[in-house]
Amino acid sequence: MKTIGQLLQNKGATVIAVAPHDSVFSALTLMAQHNTGSVLVLEDGKLLGIFSERDYARKVALQGKASRDMPVREVMTEKVCYVSPSITVDESMALMTDKHVRHLPVLDAEARVIGIVSIGDLVKETLSQQKFIIEQLEAYILR
């Protein structure tokens, strides 16, 4: 099974991030531009939190608050689940399922953000692996 580090090598390690003082509106705009459901909240390279569509829906829209002037730090999720590049895709998917999250930052040994994976990335990789196994079994059977 592939590790998250191997997945990032193929996927790329682009990280979409905002600062804690950036407005919720600017974070949403960035998310729309990059077609992603979350952005990391970083300050001086340190992971402070994650801001997601879920945060916006529950902590801004449903509360009737305005997103243009509200800083991300007021509504971000501070307790962030994350993984190391050595963890497997299966282990990451189990963590996402258990914690009910859709995005996992990837941190190196020095706690620096080196990437992020989504549930979609993990499902795509799992399906690719299953397809490979099926093709190998079919080739074996047809020998």
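A residue is called buried when its relative accessible area is under 20%, exposed when over 50%, and partly exposed in between. The legends below use these classes, and the model they describe is predicted.

**Figure 1. Overview of the predicted protein chain, with five helices and five strands**. Read along the sequence, the elements follow the order α-β-α-β-β-α-α-β-β-α. Along the principal axes, the C-alpha atoms occupy a box of roughly 65 × 35 × 25 Å. The chain has 143 residues, of which 36% count as buried.

**Figure 2. Helix 1 (residues 4–11) and its buried side**. Ile4, Gly5, Leu7 and Leu8 are the buried residues shown in helix 1. These residues span an arc of only 160 degrees around the axis, so they lie on the same side of helix 1. Gln9 and Asn10 are exposed, and they sit on the face of helix 1 turned away from its buried side. The C-alpha atoms of Ile4 and Tyr56 are 28 Å apart in space, and the two residues are 52 apart in sequence.

**Figure 3. The largest pocket, with a volume of about 290 Å³**. Its lining consists of 14 residues, and those closest to the pocket centre are Ile50, Ser52, Arg54, Val101 and Arg102. Which element gives the most to the lining of the largest pocket? Helix 3 does, with three residues. Sorted by class, the lining of the largest pocket holds five charged, five polar and four nonpolar residues.

**Figure 4. The second largest pocket, with a volume of about 230 Å³**. Lys11, Thr14, Ile16, Thr36 and Ile116 are the closest to its centre among the 15 residues of the lining. Strand 2 (38–43) supplies at least two residues of the lining of the second largest pocket, as does strand 5 (113–118). By class, this lining has seven polar, six nonpolar and two charged residues.

**Figure 5. Arg68 and the ring of Phe25**. The charged end of Arg68 sits over the Phe25 ring, at 3.8 Å from the ring centre. A pair of aromatic rings is described by the distance between the centres and the angle between the planes. How many aromatic pairs does the model have by the ring-pair rule? The count is zero.

**Figure 6. Two residues with positive phi that are not glycine, His100 and Ala111**. Most residues other than glycine have a negative phi. His100 has a phi of about 60 degrees, which is positive. This residue lies in the loop that joins helix 4 (89–99) to strand 4 (103–107). With a relative accessibility of 58%, His100 is over the 50% cut-off and therefore counts as exposed. Ala111 also has a positive phi, of about 65 degrees. The place of Ala111 is in the loop between strand 4 and strand 5. Is Ala111 exposed or partly exposed? Its relative accessibility is 46%, so Ala111 counts as partly exposed.

**Figure 7. Gln33 in helix 2 (residues 24–34)**. Gln33 has a relative accessible area of 58% and is therefore exposed.

**Figure 8. Ile134 in helix 5 (residues 119–141)**. Ile134 has a relative accessibility of 46%, so it counts as partly exposed. Ile134 and Ala66 are 68 residues apart in sequence. Their C-alpha atoms are 51 Å apart in space.

Methods: Residues numbered from 1 in each chain as written. Predicted model: local features only at pLDDT ≥ 70, side-chain atom pairs only at ≥ 80, totals over all residues. Heavy atoms only, no water. 1 Å grid on protein atoms, 1.4 Å probe; cavity = no way out; pocket = protein on both sides within 12 Å on 5 of 7 lines; lining within 4 Å. Points joined across faces, edges and corners; volume = space filled by probe spheres on them. Helix = DSSP H or I, 4+ residues; strand = E, 2+ residues; numbered from the N terminus. Nonpolar A, V, L, I, M, F, W, Y, C, P; charged D, E, K, R; others polar. Phe/Tyr/Trp six-rings, centres within 6.5 Å; stacked < 30°, edge-to-face > 60°. Lys NZ or Arg CZ within 6 Å of the ring centre and 35° of its normal. Buried < 20%, exposed > 50% of the residue type's maximum accessible area, 1.4 Å probe, protein only. Arc of directions from axis to C-beta.
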